[in-house]
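Please study the sequence and the structure shown below. The paragraphs after them are meant to be read beside both.

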Amino acid sequence: MIKKLASFLKGLFHPHDYFSILSRDRYKSLKIRIVLIDAMLSLLPLFIVVTISYFWFQHILKEDFRNQVKWQIENTTQSIEFFIDEKVSALRFLASSYTFEQLSDQKMLTDIFRKFEKEFPGLVDLGVIDSNGIQQSYAGPYPLTGKDYSNQEWFNEVVVRNVYVSDVFMGYRRLPHFAIAVKKDCPENRTFCIIRATIDMKTLKRFASNINLRENDDAFVINHDGILQTPSQFHGNVLERFSLPSLPSLQGGSVLDIKEPGGGRAIFGYEPIENSPWILVSIIKSTPYSRIPKIFRNELLLIGIGSVLIGVAVTFLMAQTVVNRIKKADQETEDAMAKAEQASKLASIGRLAAGVAHEINNPLAIINEKAGLVKDLLELSGDVKDKEKLLALINGIFDSVNRCSTITHRLLGFARRMEATHEVLDLNDIVKEVIGFLEKEILFRNIRLELNLAEGLPKIESDKGQLQQVFLNIINNAVDAIEEGGLIEVSTRVKDKNTVLVSIRDTGSGIPKDKLKSIFEPFYTTKEKGEGTGLGLFISYGIIKKLGGIVLVESEVNKGTTFTVELPISAEAV
Amino acid sequence: MKPTKVLLVDDEVEFASALSERLRLRNYDAKALYHAEDAMATIMKDKPDVVLLDLKMPGIDGIEVLKAIKKFDITIKVIILSGQGDREIADEGIKVGAFDYVMKPVDIGEIITKIEQAKKSR
């Protein structure tokens, strides 16, 4: 998985390893890469921030809720502590206000009980036990006078500690309750007695249920041995053992996150109740804090999706623009390279052709002279067999020599270092003159001619004769390329502040794309054998190049061809 | 009338021999010379009316030969035999006193016309 991711990321930055497989079009793959990298760079931080915010927010809410739980537990614990203190104080008051004899009086104790009952809800009974553990007097609903408590644990505890609060127990009454006992010393007869009040467990339960509970939540009291002191909703009834696996040691109060046996999570809060054997426990399974993040989450999601959409759209547009620009730049470079390549190719072909022409010229001169001599001798001699035929044959040699000579003449004439003259010329005038040469042929062939010559075209410094030669050549080719009734459009215009151009468009047969690159090469011709030397465009190209200009061609088969000649206005630019 | 004396100086033996023979057939006193080094001696001895001179010969500067001819006798007319593409040299020759030039391959009619013109201008 990690390896895969790594190779994917590597692919992003080294497209040839990865994306070349995905896409054969390198611009498309470049676009995909830019979109992916950009989206990753811009959206990843957003995702991280959103995710962190989400979890922080949730954490803060949960923490807040835990604090609430803790606060509630502490409050309730304090209430229970206050309740117990109050009871202990009341019993101590009893002990100090009355003598043992007074308290042993059944009638008196009943009176006191009646008064206490009103003040302290949940009080079940009140008893006075002597130092032997025998209940001397008792006020309450059960007949417990004379009961012996000397063997009970709480009796021994209170003797040692003076005050004792018991666990909840069933006792003789078979009802869950707890006892608060206070020791009263009687120094006059060197003895003591114990005043004991029992209180209904329901009182304690009421305190626990004061904790703000929701469905699934639970709050109850246990003792230090884990015995439930009040009934719980999910963790057993009163006096049953409260069991929770891996319960923390319940020293001091705390609020913890625990795992429930069912697998769910809960907040477990507890707090020991001072001066009592109890611990208040609260187990909160409800998660009210999770409802708020839901709203927050939806908003985050909306913002997130919105950002992603906008981000991707912007990235896509950006990538499109960048890739298009790169594509255009590449295209321009490619074109420039092709042009440079063609120029250098033509230049070397030109040199080669000139060299060949030069070498051929001498033998050509010899053939010419030898044939001439043969002709002279033939003519001077009397009757020779087949004389006429031989003379005709020699004339044939002359024709061929002339043809060769025309080619070498043109090639060498072109290759010659040309001292181009620089006169100030009106390009429109030159075009008109050239059209003048060809007018008859154009009329004869029923060709439509359109002239769109720009008015006020700046005059240029160039060589008139050579320009005429070039335009004649190109227009002548156009005339040859079109059928009767076709169109030739010659237009001139300013290209920029340094350049003017002449474009010659015809509606002729056009040049196939694969042949377009060869048309400026020497001896390339589509004309019938013997009709063209194939040097016209080669020489035109060379001339325009020498004049500091450029010849461009666009063509579509069966639609026509456009030649554009761009020329510098000033000869200094050459 | 004495036939016009024409001296042909060209290192291309086949060309020069054939052309000189053709000129002789046309009643010119034509002679071909294949080595430029011998040219001046022959010219001084023969005193031709017209010299047909190739300016591009191995080992020798045609222009210098031309200058020497003109220095020896300004009335000797020199017609330059020029290869295609050697127009610059031909033009230079005209500047230093050549009468005219002809381009190889040579049209016999053209050269005879030029020889006649040269002779007339003497």
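The text that follows treats confidence, then chain B, then chain A.

This is a predicted model, in which local features need a pLDDT of at least 70 and side-chain atom pairs count only at pLDDT 80 or more, while totals for chains, interfaces and linings use all residues. Residues are numbered from 1 along each chain as its sequence is written, and chains are lettered from A and ligands numbered from 1 in the order in which they are written.

The predictor assigns the complex an ipTM of 0.91 and a pTM of 0.47. The score pLDDT is the predictor's confidence in each residue, from 0 to 100. Its mean is 89 in chain B, where 98% of the residues reach 70 or more. Chain A averages 83, with 90% of its residues scoring at least 70. Over residues 15-23 of chain A pLDDT stays under 50, and the model has 16 contacts beyond four places in sequence for this stretch. A contact means that the C-beta atoms of two residues, placed from the backbone, lie within 7 Å. Where pLDDT is low, predicted coordinates should not be read in detail.

Chain B contains five helices and seven strands. Here helices (H or I, at least four residues) and strands (E, at least two) are DSSP runs, numbered from the N terminus. Read from the N terminus, the elements of chain B follow the order β-α-β-α-β-β-β-α-β-α-β-α. Of its 122 residues, 45% count as buried; a residue is buried if 20 or more other C-beta atoms lie within 10 Å of its own, exposed if 12 or fewer, and partly exposed in between, with C-beta atoms placed from the backbone. Among contacts in chain B between residues at least 6 apart in sequence, 58% join residues at least 24 apart.

Two strands are said to pair if DSSP finds at least two bridges between them.

Strand 6 (residues 77-82) of chain B is largely enclosed by the rest of the structure, because six of its six residues are buried. K77(B), I79(B) and L81(B) point one way from this strand, whereas V78(B), I80(B) and S82(B) point the other way. Five bridges join strand 6 of chain B in parallel to strand 3 (residues 50-54) of chain B, and in this pairing L52(B) stands opposite I79(B). Strand 6 of chain B also pairs in the parallel sense with strand 7 (residues 100-103) of chain B, over four bridges; there S82(B) stands opposite M103(B).

Helix 2 (residues 36-46) and helix 3 (residues 62-72) of chain B pack at an angle of about 10°, with their axes 11 Å apart. That makes the two helices of chain B roughly parallel, a description that applies to angles under 35 degrees, whereas those over 145 count as roughly antiparallel, 65 to 115 as roughly perpendicular and the rest as oblique. Residues in the contact include A39(B) and I43(B) of helix 2 and A68(B) and F72(B) of helix 3.

In chain A, the largest nonpolar core has 54 residues, and among those that touch the most other members are I180(A), I195(A) and V281(A). A nonpolar core is a set of buried Ala, Val, Leu, Ile, Met, Phe, Trp, Tyr and Cys residues joined through C-beta atoms within 7 Å. Helix 3 (residues 26-97) of chain A gives the most to this core, with seven residues. A second, separate core of 41 residues includes A357(A), I482(A), L547(A) and L567(A).

Chain A also has an open sheet of five strands, with the order 11-13-14-16-15 and mixed pairing. Strand 11 (448-453) and strand 15 (550-556) of chain A stand at the edges, each with a single partner strand, so one side of each lacks a neighbour in the sheet. Seven bridges join strand 15 of chain A to strand 16 (residues 560-568) of chain A, and these two run antiparallel.

Technical notes: Axes fitted to C-alpha atoms, helices over the stretch in contact; angles between N-to-C directions.
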